[in-house]
Amino acid sequence: MLGLPPTTEVKRPLPKAQLFKRFDWTPSQRDRFDAEVSRLDFVNWISPRTVPAIAVGNEVKEIFVVEVSLKSRDFDTKAITLLAKYIPQRIVYLLRYEGEAMLATHHAKLFTAPWRAVEDITLPLSGLNLDAVWENIVSSIGQFSVEKDKSLSEQIKLDEERAKLERQIAALERQMNATKQPRRKRELFVELQKLKSRL
């Protein structure tokens with residue numbers, strides 16, 4: 001599955017009742033999670049033991065793949081974010097509903113790939129160590145690239161700041177177009193130029 005080596009396959013169930021008992025979730029969190037997810041399984045374990053060609057990283061020692069069987073294709077991503085928050089491992093989630101699936105992972109925030117047929121989804125392991133493999137997995141699922149002089153976390157933060165600036169610019173442009181007063185329009189234009197120079 002996912003084009004991963006057979007040596008990585010584990011297929012071990014992760015009972016929801018065990019999660020509820022182990023983690024201090026509120027009743028509403030439990031109910032929401034139970035309404036979204038029907039089943040969880042550990043399906044792959046990526047480590048130097050299972051893939052000898054990949055060395056252990058400075059930060060990443062192992063990566064898990066968890067298959068999450070969903071009750072609906074229109075699921076609330078908060079369920080996966082909650083799971084990622086309470087399980088402090090590097091995990092790739094294979095979110096599955098009937099014959100379709102999508103990959104998701106959490107690194108500073110949740111990243112998801114588009115829905116595709118299960119058999120069309122692959123998880124390429126590229127990199128010499130698990131730090132590089134993890135970086136490549138996150139950037140591939142999140143559909144962004146990491147600049148040479150940046151770490152994965154720095155790139156995510158930079159992209160978020162850029163997206164925030166773009167939203168502010170769009171809002172200012174709408175405001176400027178709606179404004180009739182020349183003086184106010186000029187003030188908005190100056191503010192807009194400052195934001196564009198920061199971008």
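**Exercise 1. Aromatic pairs**

Task: In this predicted model, state how many aromatic pairs there are by the ring rule, and classify the pair F75 and W115.

Solution.
- The count comes to 9 aromatic pairs.
- The ring centres of F75 and W115 are 6.5 Å apart and the planes stand at 80°. Planes over 60 degrees apart count as edge-to-face, so F75 and W115 form an edge-to-face pair.
- F75 sits in the loop between strand 3 and helix 3 (78-86), and W115 in the loop between strand 6 (109-112) and strand 7 (116-117), so the pair ties together parts 40 residues apart in sequence.
- Buried means under 20% relative accessible area. F75, at 15%, therefore counts as buried, and W115, at 19%, counts as buried as well.

**Exercise 2. A second ring pair**

Task: Classify the pair F111 and F144 and locate its two members.

Solution.
- The centres of F111 and F144 are 5.4 Å apart, with 40° between the planes, and the pair is tilted.
- F111 belongs to strand 6 and F144 to the loop between helix 4 and helix 5, so parts 33 residues apart in sequence are tied together.
- Both F111 and F144 are buried.
- Elsewhere, ring pairs join F20, F23, W25, F33 and Y86 into a cluster.

**Exercise 3. Salt bridges**

Task: Give the number of salt bridges in the whole structure, then describe those of K16 with D34, R73 with E100 and E187 with R183.

Solution.
- The search finds 9 salt bridges.
- In K16 and D34, the closest N and O atoms are 2.5 Å apart. K16 lies in helix 1 (residues 16-22) and D34 in helix 2 (residues 27-36), so the bridge ties together parts 18 residues apart in sequence. K16 is buried at 14% relative accessibility, while D34 is partly exposed at 33%.
- R73 and E100 meet at 2.8 Å, N to O. R73 is in the loop between strand 3 and helix 3 and E100 in strand 5, 27 residues apart. R73 is partly exposed at 34%, and E100 is partly exposed at 30%.
- For E187 and R183 the closest N and O atoms are 3.8 Å apart. The two are 4 residues apart in helix 6 (residues 182-198), about one helical turn. E187 is partly exposed at 36%, whereas R183 is exposed at 67%. R183, R184 and E187 are linked in a network of salt bridges.

**Exercise 4. Nonpolar cores**

Task: Identify the residues that touch the most other members of the largest nonpolar core.

Solution.
- This core has 27 residues, and L2, I63, V65, V92, L103 and L123 touch the most other members.
- Helix 4 gives the largest share, 6 residues.
- A second, separate core has 26 residues, including L14, L83, I91 and L95.

Notes: Residues are numbered from 1 along each chain as its sequence is written. This is a predicted model: local features need pLDDT of at least 70, side-chain atom pairs count only at pLDDT 80 or more; totals for chains, interfaces and linings use all residues. Side-chain values use heavy atoms; hydrogens and water are left out. A nonpolar core is a set of buried Ala, Val, Leu, Ile, Met, Phe, Trp, Tyr and Cys residues joined through side-chain atoms within 4.5 Å. Buried means under 20% relative accessible area, exposed over 50%, partly exposed in between (1.4 Å probe, protein chains only). Rings of Phe, Tyr and Trp (its six-membered ring) pair if their centres lie within 6.5 Å; planes under 30 degrees apart count as stacked, over 60 as edge-to-face and the rest as tilted. A salt bridge is a side-chain nitrogen of Lys or Arg within 4 Å of a carboxyl oxygen of Asp or Glu.
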